[in-house]
Amino acid sequence: MGILSRVEAFLERFFEAPAGRLGASIQPVSLAKRIERAMDTNKTYGDAGVIVPNQYDLHLHPSDFAAFASYRTSLEDDLAHGVVARARHERYSLVARPRVELIADEQVRRGEIRVAANVVDERGSRLREAGGGQVASSDTMVFDRPVSDAPDSARRAYLLVSTRGSRPVQFDLGGPVIGIGRASDNDVIVDDPMVSRHHCQLKLQHGAYSFTDLGSRNGSSVNGQPVSTVALGPGDTIRVGDTDIEFQVRR
């Protein structure tokens, strides 16, 4: 560990440990700030620009971990969404969907937060060299999916996603189910307050895609008509919140 890393580790212990000794509990905002710090200190440079970790393991003392047990899953998802939001704001690149995991660790003192940050692929395998990541430069972020056995017609399908008139982001289809919404576990993550966390999905059936609204708060429309489920054809435009999603198929 270099001198700067040792100084940073000392300062982290200095400021965070008193909370545990005084009986104060760790708050979710403290977890978010530690992730932001780990993101900044572990960034690297590649063909896609500034690449930051997308896997964050937060090691907590068991008593601190227990305080989050009742809503751990939703908290991890919210923290992962925070990674996406900050990556957009700072124009960082993520090579795969961000993941955050809280871990009970008896080696960590109460009140401390230890973060292990890594760049991993969709399967969770650590990558030695990060390149070709997703540039977070708009209100929409998409992530590559593993190649499926979809028919050629599905492989040629793609989406053009634009929020509030931003430059469209292209997302190639081919997967059996494509989730769209604000939550970080979607395939297409949309930063639009009018869009639900899990707003809608595209489903591959008999070589063609259909659209289904997942009971969203503000509903969905296709070509200006409110819909719940509808088959999609080239040129159809889905509207969710302030986001337009154009469905297209390459010839």
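Analyst: Below are some notes on backbone angles and then on salt bridges. This is a predicted model, where local features need pLDDT of at least 70, side-chain atom pairs count only at pLDDT 80 or more, and totals for chains, interfaces and linings use all residues. Residues are numbered from 1 along each chain as its sequence is written, and side-chain values use heavy atoms, with hydrogens and water left out.

User: Where is Arg91?

Analyst: Arg91 is in the loop between helix 4 (72–90) and strand 4 (93–94). Helices (H or I, at least four residues) and strands (E, at least two) are DSSP runs, numbered from the N terminus.

User: Is Arg91 buried or exposed?

Analyst: Arg91 is exposed, at 55% relative accessible area. The cut-offs are under 20% for buried and over 50% for exposed, with partly exposed in between (1.4 Å probe, protein chains only).

User: And what about phi of Arg164?

Analyst: Phi of Arg164 is near 50°, again a positive value in a residue other than glycine. Arg164 sits in the loop between strand 9 (157–163) and strand 10 (169–172), and counts as partly exposed at 45% relative accessibility.

User: Switching to charges. How many salt bridges?

Analyst: The count is 12 salt bridges, taking a side-chain nitrogen of Lys or Arg within 4 Å of a carboxyl oxygen of Asp or Glu.

User: Which residue does Arg86 form a salt bridge with?

Analyst: Arg86 pairs with Glu36, with the closest N and O atoms 3.7 Å apart. Arg86 is in helix 4 and Glu36 in helix 2 (residues 28–41), so the pair links distant parts of the chain, 50 residues apart. Arg86 is buried at 15% relative accessibility, while Glu36 is partly exposed at 34%. Glu36, Asp40 and Arg86 are linked in a network of salt bridges.

User: What about Asp187 and Arg97?

Analyst: Their side chains form a salt bridge at 3.5 Å, N to O. Asp187 is in the loop between strand 11 (177–181) and strand 12 (188–190), and Arg97 in the loop between strand 4 and strand 5 (99–104), so the pair ties together parts 90 residues apart in sequence. Both Asp187 and Arg97 are buried.

User: How about Asp242 and Arg239?

Analyst: Asp242 and Arg239 meet in a salt bridge at 3.8 Å, N to O. Asp242 is partly exposed at 31% relative accessibility, and Arg239 is partly exposed at 33%.
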